[in-house]
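This report is written for someone meeting the structure for the first time.

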Amino acid sequence: MSARKSSGWAPYGLVAPSLLFLGVFFAWPMYRAVELTFTKADEPGLTLDTINRATAEASFGEAWRNTLLIIAILIPLQFALALAMALLVNGRLRGRGVLVYIFAIPIAISDLAAGIVWFSIFTENGYLNTVLVEAGLLDRPFVFLNITTSWPLAIIILAELWRATSLVFVILLAGLQGIPAEYDEAAAVFGAGWFTRLRKVTLPVLRPSILVALILRTILAFQMFAVVVALTGGSTRVLAAESFRWFNRLRDEHVASAYASFILLLSLIVVVIYLRVFRDAEEKASA
Amino acid sequence: MRPRQGLLGWLVTIGRYLAAGLVSAFILGPIVVIAYLAFAPEETVYLFPKPLAPADFAFSTETMSTFVTATGTLDALWTSIRVALLTLVLALVIGAPAGYALARHPFRGKDVYRLGIVATRAFPIVILAVPLITYYLRWGLDDTVWGVAFLHTAMALPTTVLVTSAVFIGVSEELEAAAMTMGCSRFGAFRRVALPLALPGLAASSIFTFVLSWNEVFGAAVLTLQNPTLPALVVVQLNQSPVPIRFAGGFFLLAPALIFMLIVRRYLFNLWGVKLK
């Protein structure tokens with residue numbers, strides 16, 4: 001871009017509304033979440049009472065365990081699948097346009113609808129049981145959504161895999177499209193096999209896209225709510241659903257905000273970890 | 001990818017189509033199931049085992065019409081549409097000028113601003129609905145269309161700013177400069193030259209904002225009580241609803257996704273800064 005004279009006050013006028021808006025509807029509630037976490041109703045001053053009330057319930061540990069477990073299993077699976085999908089469509093393939101459309105559809109599907117969809121499949125008299133019984137693999141329908149088993153967690157992961165892999169797919173595919181074909185060809189000329197090219201050429205160039213997708217996806221996964229409610233009626237505890245339960249059923253906005261703060265804290269920690277890991281990888285690659 | 005020769009090449013090609021078919025089936029299969037269950041007679045939904053032969057499939061709009069005519073559904077639908085449209089307009093009116101400034105003007109603090117906008121996407125904004133409601137009660141914004149739209153705008157705004165900035169970078173600045181040498185004012189050049197050229201990109205961004213608002217559950221459920229959006233209504237009543245009604249509601253929420261994607265699929269990659277070749 002050519003050097004130009006500064007545009008005076010105009011740009012500040014243009015960005016000011018967005019700053020003001022984010023101040024009121026983003027920064028302020030964020031501050032307020034932390035404030036509510038360390039205070040309690042009808043009593044001035046700071047207190048750990050609210051946090052103690054949250055931790056006193058068995059659901060506290062369950063919510064943390066389930067949220068972290070689901071994410072630890074979901075995210076790697078999701079990225080492997082999304083990368084495979086992106087590589088598949090990035091190559092020469094008939095009907096690519098249609099495939100991109102199909103692969104991208106779930107982006108526009110809400111977590112609530114996704115939860116209901118998978119409920120319809122896994123419910124006791126649903127189609128999965130029908131197929132299994134008709135095929136003679138089961139004598140009678142199996143209760144998949146039994147919260148004393150690990151099945152609900154597996155089904156939540158499957159539903160999230162179905163719904164949210166598309167977002168990662170689109171970001172990775174956009175990244176892939178930005179890689180000049182010459183890179184791959186050059187590596188091929190020097191005799192690099194498909195897998196070596198993927199590992200040594202494609203993935204390193206794709207790193208910024210992967211980082212963006214990882215951050216967006218993990219933050220969204222921490223807020224997982226409607227999928228869980230639709231599948232198990234809220235019997236499977238996760239952090240965001242706990243926040244809603246304390247707000248909606250127990251009418252305690254302090255503990256509900258405490259859960260919001262936990263998710264806030266988790267998000268910050270994860271972003272810092274991701275940025276560190278990627279910076280180290282960058283340094284190692286350039287060293 | 002390089003075309004390969006011989007049997008191996010054939011196997012790889014077949015494998016790729018097979019993989020594409022499997023992933024498509026994984027995505028479309030569940031949509032077909034819910035679509036059928038939403039339009040199946042009520043008995044079929046409770047029936048076990050369910051009919052598998054195509055000849056046994058019966059069609060009925062009974063549960064869908066029960067869902068649509070149930071108390072609150074149409075009101076919630078109307079609320080959802082108003083919230084989504086309001087969010088779309090707010091995000092565009094507040095976000096697009098900032099995106100334009102990022103694309104066109106050098107100014108002090110620009111990098112800090114851009115970084116700040118990027119950083120907001122790393123925060124769980126939806127969760128902030130709970131602390132926000134304590135203020136809404138004071139401001140009289142609780143249980144209103146505006147209240148929900150403000151939260152959704154906060155969610156959509158960072159993306160709107162970044163996307164509109166990319167859109168305006170894609171619109172040649174020389175054209176605007178040319179219009180100004182021919183006597184247009186800065187704003188006139190923007191309105192007559194840059195805006196029309198940027199319109200498709202802005203429209204794509206707006207559709208995404210609409211979808212985001214249409215799909216959002218947690219915040220809407222927290223911020224509303226008597227006037228819920230459709231997802232908020234469905235999620236709050238979910239465990240009391242009979243199963244056929246849940247399926248009808250699920251499909252009703254899902255169906256627009258198929259159409260949204262059909263419209264924006266050309267712009268999907270513009271939104272992430274890259275065009276599909």
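## Contacts and overall make-up of chain A

Among the contacts in chain A between residues at least 6 apart in sequence, 68% join residues that are at least 24 apart, where two residues are in contact if their C-beta atoms, placed from the backbone, lie within 7 Å. The model is a predicted one, in which local features need pLDDT of at least 70 and side-chain atom pairs count only at pLDDT 80 or more, while totals for chains, interfaces and linings use all residues. Residues are numbered from 1 along each chain as its sequence is written, and chains are lettered from A and ligands numbered from 1 in the order in which they are written.

The secondary structure of chain A consists of 12 helices and 0 strands, these elements being DSSP runs numbered from the N terminus, with helices (H or I) of at least four residues and strands (E) of at least two. Along the principal axes, the C-alpha atoms of chain A fill a box of roughly 75 × 70 × 35 Å. Of its 287 residues, 43% count as buried; a residue is buried if 20 or more other C-beta atoms, placed from the backbone, lie within 10 Å of its own, exposed if 12 or fewer do, and partly exposed in between.

## Where chain A meets chain B

Between the two chains, 78 residues of chain A are in contact with 79 residues of chain B. On the side of chain A that touches chain B, the largest share, 16 residues, comes from helix α1 (residues 10-37) of chain A. The residues on that side of chain A divide into 57 nonpolar, 15 polar and 6 charged, with Ala, Val, Leu, Ile, Met, Phe, Trp, Tyr, Cys and Pro counted as nonpolar, Asp, Glu, Lys and Arg as charged, and the others, Gly among them, as polar.

## Helix α9 of chain A and its partners

Helix α7 (residues 151-177) and helix α9 (residues 194-222) of chain A have axes that come within 9 Å and cross at roughly 155°. That angle makes α7(A) roughly antiparallel to α9(A), given that angles over 145 degrees count as roughly antiparallel, under 35 as roughly parallel, 65 to 115 as roughly perpendicular and the rest as oblique. The axes are lines fitted to C-alpha atoms, for helices over the stretch in contact, and the angles run from 0 to 180 degrees between N-to-C directions. The residues that make the contact include A:Ala164, A:Leu167 and A:Ile171 of α7(A), and A:Leu206, A:Ala213 and A:Leu216 of α9(A). By class, this contact of α7(A) with α9(A) has 14 nonpolar, 2 polar and 2 charged residues.

Helix α8 (residues 181-189) of chain A also meets α9(A), their axes coming within 10 Å and crossing at roughly 160°, and α8(A) and α9(A) are therefore roughly antiparallel to each other. In this contact A:Tyr183, A:Asp184, A:Ala187 and A:Ala188 of α8(A) meet A:Arg197, A:Lys200, A:Val201 and A:Val205 of α9(A). The residues of the contact of α8(A) with α9(A) divide into 5 nonpolar, no polar and 3 charged.

## Position 208 in each chain

A:Pro208 has its place in helix α9 of chain A, and it counts as partly exposed because it has 13 C-beta neighbours inside 10 Å. Its C-alpha atom is separated by 9.4 Å from that of A:Leu172, although A:Pro208 and A:Leu172 are 36 residues apart along the chain.

In chain B, B:Phe208 is found in helix α9 (residues 186-215), and with 23 C-beta neighbours inside 10 Å B:Phe208 counts as buried. The C-alpha atoms of B:Phe208 and B:Thr160, which lie 48 residues apart along the chain, are separated by 9.2 Å.

## Domains and backbone details

The domain assignment of chain B gives domain 1 (6-64) and domain 2 (71-240), such bounds coming from an automatic or database domain assignment. The centres of domain 1 and domain 2 of chain B, taken over C-alpha atoms, are separated by 36 Å.

The peptide bond from B:Phe48 to B:Pro49 is cis, with omega near -10°, and B:Pro49 is found in the loop between α2 (42-46) and α3 (62-69) of chain B. A:Asp42, which is not a glycine, has a positive phi of about 55°; A:Asp42 lies in the loop between α1 and α2 (49-56) of chain A and is exposed, with 4 other C-beta atoms within 10 Å. B:Asp143 likewise has a positive phi, near 60°, and is found in the loop between α6 (129-139) and α7 (145-170) of chain B, where B:Asp143 is partly exposed, with 16 other C-beta atoms within 10 Å.
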